[in-house]
Amino acid sequence: MANLLIDDHAVTVSLSALEKAEALHGDVRVPRAAVVGARAVPDGMAEVHGLRMPGTGFPGVIMVGTWRDNDGVTFAVCHGRRPAVVIDLADQPYDRLVVTVDNPEEAVASLP
């Protein structure tokens, strides 16, 4: 499972080697100043919409990679229908990050 690392300067989605292969992408790091909102959700997969480009997806099982739709571009790392944090971004290649984590409320509390 990916790790969500939050410090004073950046938010990093640190992927395992398998997740990097599934996403066809490396770790995602964005400046903390780019975060415009964050919320905890009970099912991360329900937040990811559009076409997978590139990435890996099996309904209800895994969504890892980039999804594009009319609302923007989402980078997702979701394993099962588990709780997740949704991070809205400004002026970045991704409009949102959606990551399943063990304690999404704790992640949200550490963001603006």
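**Close-up views of a predicted model**

**View 1. Valine 86 faces valine 98 of strand β9.** The model shown here, as in every view below, is predicted. Valine 86 belongs to strand β8, which spans residues 84-89, and its opposite residue, valine 98, belongs to β9. Strand β9 covers residues 96-100 and pairs with β8 through five bridges in the antiparallel sense. Another facing pair is formed by aspartate 88 and arginine 96, the latter in β9. Six residues lie between the two strands of this hairpin. Within the hairpin, aspartate 91 adopts a positive phi near 55 degrees.

**View 2. Strand β8 also pairs with strand β4.** Strand β4 consists of residues 35-41 and runs antiparallel to β8, to which it is joined by six bridges. Here, alanine 38 is found opposite isoleucine 87 of β8. How much of β8 is covered? Five of the six residues in β8 are buried, and the strand is thus described as mostly covered. Strands pair in a sheet through hydrogen bonds of the backbone, in either a parallel or an antiparallel manner.

**View 3. Six strands form an open sheet with mixed pairing.** The order of the strands across this sheet is β4-β8-β9-β7-β6-β5. Strands β4 and β5, the latter made up of residues 51-58, stand at the edges; each has a single partner strand, so one side of each lacks a neighbour in the sheet. Neighbouring strands are turned against each other by 15 degrees on average, with direction ignored.

**View 4. Three strands form an open sheet with antiparallel pairing.** Its strands follow the order β1-β2-β3. Which strands lie at the edges? The edge strands are β1, residues 3-6, and β3, residues 28-31, and each of them pairs on one side only. From one strand to the next, the twist averages 10 degrees. Strand β2, residues 10-14, is connected to β3 by four bridges in the antiparallel sense. One of the facing pairs brings valine 13 together with its bridge partner in β3, valine 28.

**View 5. Glutamate 19 is a buried residue of the model.** This residue is part of helix α1, which comprises residues 17-23. Why is glutamate 19 classed as buried? Its relative accessible area is 2%, and the term buried applies to values under 20%. With neighbours within four places in sequence left aside, glutamate 19 contacts Met1, Ala2, Ser14, Val64, Val77 and His79. Methionine 63 is 44 residues away from glutamate 19 along the chain, and the C-alpha atoms of these two residues are separated by 9.9 Å.

**View 6. The largest pocket has a volume of about 170 Å³.** Its lining is made up of Asn3, Leu4, Ile6, Val101, Asp102, Asn103, Glu106, Ala107 and Ser110. Which element provides the largest share of this lining? Strand β1 does, with three residues. Both β1 and helix α2, residues 104-109, supply at least two residues of the lining. In terms of residue class, the lining contains four nonpolar, three polar and two charged residues.

Definitions and conventions. Residues are numbered from 1 along each chain as its sequence is written. This is a predicted model: local features need pLDDT of at least 70, side-chain atom pairs count only at pLDDT 80 or more; totals for chains, interfaces and linings use all residues. Side-chain values use heavy atoms; hydrogens and water are left out. Buried means under 20% relative accessible area, exposed over 50%, partly exposed in between (1.4 Å probe, protein chains only). Two strands pair if DSSP finds at least two bridges between them. Axes are lines fitted to C-alpha atoms, for helices over the stretch in contact, and angles run from 0 to 180 degrees between N-to-C directions. On a 1 Å grid over the protein atoms alone, a cavity is a set of points where a 1.4 Å probe fits but cannot get out, and a pocket is an open set with protein on both sides within 12 Å along at least five of seven lines; lining residues have an atom within 4 Å of a point. Grid points are joined across faces, edges and corners, and a volume is the space filled by probe spheres set on the points. Ala, Val, Leu, Ile, Met, Phe, Trp, Tyr, Cys and Pro count as nonpolar, Asp, Glu, Lys and Arg as charged, and the others, Gly among them, as polar. Contact means heavy atoms within 4.5 Å.
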